[in-house]
Amino acid sequence: MFWLFSQRSYTPSISGGFGVNAEEGFEITVEQITYENIDPKVRNTIMVGLCIAMLAACFDGTIVGTIGTIVAQDLGGLELYAWMATAYMLCETIMIPVAGKLSDLYGRKPLFLIGLGLFTGGSVLAGMSMNMEFFIVCRAIQGLGGGILRGGGILAGTAAQQQSTAEQD
């Protein structure tokens, strides 16, 4: 498999003969995907995608903070207004270190895609909510996805910075 974000990813390439004899066999060589052997255009595209996803997560908090009272009034839950931001920030803060550990175990790309799916799904559900309680639950789901996005983006940026510093030395 070809995982662009994972440090533990490998792209197998088969070389050698395919002998029927067990002694001849065939040889499989494995090349680790690193910062140096990724095309610069692909690398830049990856970084732009990470930045856009993190920007969307940051805009979400800003937009909801600005129109929060209007949303709370429309959903009939002005007494739960504080929970709109609290649910998001609490879940996001919890998920940042958890996402770091999970990305070490399973790779950055699958975790980033899960985070993007959670964030987008939570946003869609929040837009369809008919009461304040459901809206707060959707904001918590968004926070889980936002924490994964932010944690994955921080890890990818740190890895790119380390590789860039290593190349300069």
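At what angle do helix 1 and helix 3 pack, and how far apart are their axes?

Mentor: Happy to! Please keep in mind that this is a predicted model, in which local features need pLDDT of at least 70 and side-chain atom pairs count only at pLDDT 80 or more, while totals for chains, interfaces and linings use all residues. Residues are numbered from 1 along each chain as its sequence is written, and side-chain values use heavy atoms, with hydrogens and water left out.

To your question: helix 1 and helix 3 pack at an angle of about 30°, and their axes are 12 Å apart. Axes here are lines fitted to C-alpha atoms, for helices over the stretch in contact, with angles running from 0 to 180 degrees between N-to-C directions. The crossing of these two helices is left-handed; that word applies if the near helix is turned anticlockwise from the far one by less than a right angle, and right-handed applies if clockwise. From helix 1, G49, L50, A53, A56, A57 and D60 meet F112, L116 and F119 of helix 3, a contact being heavy atoms within 4.5 Å.

Now for the setting. The protein chain has 4 helices and 2 strands, where helices (H or I, at least four residues) and strands (E, at least two) are DSSP runs numbered from the N terminus. Along the sequence the pattern is β-β-α-α-α-α. Of the 169 residues in the chain, 33% are buried, meaning under 20% relative accessible area, with exposed over 50% and partly exposed in between (1.4 Å probe, protein chains only). Among contacts between residues at least 6 apart in sequence, 67% join residues at least 24 apart.

Helix 1 itself deserves a careful look. Its 35 residues, 40–74, should span 51 Å at 1.5 Å a residue, and the end C-alpha atoms are 48 Å apart, which agrees; the expected span is 1.5 Å times one less than the number of residues. There is also a kink of about 65° in helix 1, centred on I67, the bend being the angle between axes fitted to the seven residues ending at a residue and the seven starting there. The buried residues in helix 1 are R43, I46, L50, A53, A57, D60, V64, G68, V71 and A72. After helix 1 comes G76, whose phi is positive, near 70°.

Helix 2 is another partner of helix 1. Their axes come within 9 Å and cross at roughly 165°, so the two helices are roughly antiparallel. On this scale, angles under 35 degrees count as roughly parallel, over 145 as roughly antiparallel, 65 to 115 as roughly perpendicular and the rest as oblique. This crossing of helix 1 and helix 2 is right-handed. On the helix 1 side, A57, D60, V64, G65, G68, T69, V71 and A72 take part, meeting Y81, M84 and Y88 of helix 2.

Helix 2 has 26 residues and reaches 37 Å from first to last C-alpha, close to the 38 Å expected. A bend of about 30° sits at I96, and a proline, P97, follows within four residues. Helix 2 buries M84, A87, Y88, C91, E92, M95, A99, G100 and S103. S103 counts as buried at 6% relative accessibility, and its C-alpha is 9.3 Å from that of I148, 45 residues away in sequence. Just after helix 2, G107 has a positive phi of about 100°.

Helix 2 also pairs with helix 3. Their axes come within 9 Å and cross at roughly 155°; helix 2 and helix 3 are therefore roughly antiparallel too. Y88, A99, L102, S103 and Y106 of helix 2 make this contact with R108, P110, L111 and F119 of helix 3.

Finally, follow the chain past helix 3. M130 lies in the loop between helix 3 (108–128) and helix 4 (132–168) and is exposed, with a relative accessible area of 73%. M130 and D74 are 9.0 Å apart, C-alpha to C-alpha, though 56 residues apart in sequence. F135, in helix 4, is buried at 7% relative accessible area. Leaving out residues up to four places away in sequence, F135 touches V71, L75, M84, A126 and S129.
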